[in-house]
Structure formats: structure tokens, C-alpha cells
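Good morning, colleagues. I would ask you to look at the model on the screen while I go through a few selected residues.

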Amino acid sequence: MRALTLVPLQAGSLAVIDVADPVAGPGELLVEGVALGVCGTDREIASGQYGWAPPGEDRLILGHESLGRVLEAPEGSGFAPGDLVVGIVRRPDPEPCPACARGEFDMCRNGKYVERGIKEIHGYGSQLWTVEADYAVRLDPGLGTVGVLLEPTTVVAKAWDHIERIGNRAWFGPQRVLVTGAGPIGLLAALLGVQRGLEVHVLDRAESGVKPKLVEDLGAIYHTGTIPDLARHALPDIIIEATGAPEVVLDAMENNAPAGIVCLTGVSSVGRAVPLDVGAVNREIVLQNDVIFGSVNANRHHYELGADALAKADRSWLERLITRRIPLERAAEAFTPGHDDVKVVLDLG
């Protein structure tokens, strides 16, 4: 079969090559790969910034945003041939920390987890793959190929889950949410906000193209200014930050309603300094009972929440999030972002 592979930490090693067909072990599904989402993490691995091949191997099969169709399923697994499935990314250490032992491997304490297509386990970027039944999630068949959006949806499903847990420390009645960044994570975060009946604002730099229309058709409000400008007219109770831009992160921390909740999902690059009055920021956080927290990865519960959210969404709107579809053999094209890209997907068939 053909697979998208690279040598971790070696820039320029990305290649689609022939590899041996996988064989399903006990309790595993054999899956035909349908599609693979490409994100910033994949591009960083391809540029040689990080990534770990399986022990004893030189190359890593890339890809963690999966979508496949079951070919073979063990009896009693709850799956059947033809099921549309997504594979969970992270696995706990064989001797798991207390969080991993409770199925909360997204909150691993010892860092010894492994991840499909990222850290020490081959990913889903191949024409066939296997997955343990316990780490597979069945999708509504009506989703079709937009089911490849599940993994990024799990990131924001977790963010919303934790926002609501934090909010319920006291009376919680949010009305307005601000999402910064109209990439896949930001737009999917906005979708889940709209599904909760909130007034949703999305802030991004793009003044034209697909993003403003996607936000408008979602029933949200699109902005291109700054967080302070927006907050003067619509102070957000919740902010989901999805850019990782240091200036935007700081503005999010400083411009929210009393008892505001700020969830940081964007990963910032290091080496960029911004002026910060730590005393003023601390004063506001303490006196307003604000909470600022980071969120990454997802556990099975969040995959299930994400699958439910996608099943309830307008499929035609979800389809428009996928702005480029590229055949596997031309996978390298997906690693150069286009001007108007939202989500780029590889077709594995």
C-alpha cells in the first residue's frame, strides 16, 4: 500500500512510498483509509521540528486527523464492515499515570503517552490502517467525507467541556463568546458556541475570502479589528483563543467580562517578546475572578462529544471548511498553505 512518511527531525524527507499492508491484531479493526486532514502539527513535523518514529524504525507514517471505513472487525467489537470511523490519536503509557489510568490521557502527567502519526506510533496517512476497537469512534454515516473534521472538533469539544466545568464553580450564565482566529479550530469552536445558543463573535485578519462568509452563514458575527475594540462594544464572557499570536493572547487575557473564562488553544512560537504589565494583568485576573487555561488533545469522551456536534451541524457548511482536497500522491502540495485555505485534506483512495 501507499503511505505518507518521513524521517522525524529531517526536513525535506516527506515522501509517499510503498509500505507493507498492516495486519489487524486481536481486538483491532482493519480500516480502509478514506481521507486525512493536514494541520499545523503535521507541517511542523515535516519541517523537522519534532516527531518520533516507532522504536527500531527510521520512518514515521504521518497523519492524525483520520477518516476510514471498516473492512474487518472482530466479533463483539461493536463495529461492522462499512462503518465510518475515526481513530483516536493518543495512547497512555503501558504503566499509566493516574489521569491516563482513568481514560483522561489528554491530561497525562508523566509525558510518556504516545500518539498516532506524531510520537512513536505510525499514523493514519495510509491506504490501510489498523486501530484497536477501544480507540475507534463510529461516525454518523450521513457525514461522509466531512467526518475527517472530527479530530480538530475534539480539540474544541474538550475546550467547551472544560469551560463549562470551570463556569459551574458558581452561577454560570454566559451570553457572549469571542473566538480569535478563523482557521479550522476557530470556526469549529464557533460552531459549538452557536450550538449552545450563545452570541458568537469571530475575530480574524482576513478581510475577504471564505472565512467571513463561513462565519456569517453560521449565524455568528465576523470582525477584523482588535480585541480591545470589540470588547468596548461587546465584552465577551468567554474567549477561545486559536491563533497563538502573543499579542492576541495578551489582549484576550486583558479584555473579558467579570468572572470571564479564557481558553488558550493556539500554540505560540517562542522567541517573540511583547510588553506586559504583569501586575496589571494579575490584578484584573484576581479581582475579576477570571480563569485562563490551556487546552490540547482530547480523550474518548471528547471524541464522542465532537461526533455528536458534527452530526447536528449543517453538512454543506462543514463541506465548505474543506477548501482543498489533494490526492495522496501529491501530498507535498498540502504542506504549503494556500492564501485562502481553511482545511486541506488528502484523499487516500
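Is asparagine 297 buried or exposed? Asparagine 297 is buried, at a relative accessible area of 12%, where buried means under 20%, exposed over 50% and partly exposed in between, with a 1.4 Å probe and protein chains only.

A word on the basis: this is a predicted model, in which local features need pLDDT of at least 70 and side-chain atom pairs count only at pLDDT 80 or more, while totals for chains, interfaces and linings use all residues. Residues are numbered from 1 along each chain as its sequence is written, and side-chain values use heavy atoms, with hydrogens and water left out.

Asparagine 297 lies in the loop between strand S17 (291-294) and helix H9 (300-312); helices (H or I, at least four residues) and strands (E, at least two) are DSSP runs, numbered from the N terminus. Its phi is positive, about 65°, although asparagine 297 is not a glycine. Most residues other than glycine have a negative phi.

Alanine 259 also has a positive phi, of about 60°. This alanine sits in the loop between helix H7 (246-254) and strand S16 (261-264), and counts as partly exposed because its relative accessibility is 39%.

I turn to glutamate 151, in helix H3 (residues 150-167). Glutamate 151 touches His64, Glu65, Val89 and Tyr303, leaving out residues up to four places away in sequence; contact means heavy atoms within 4.5 Å.
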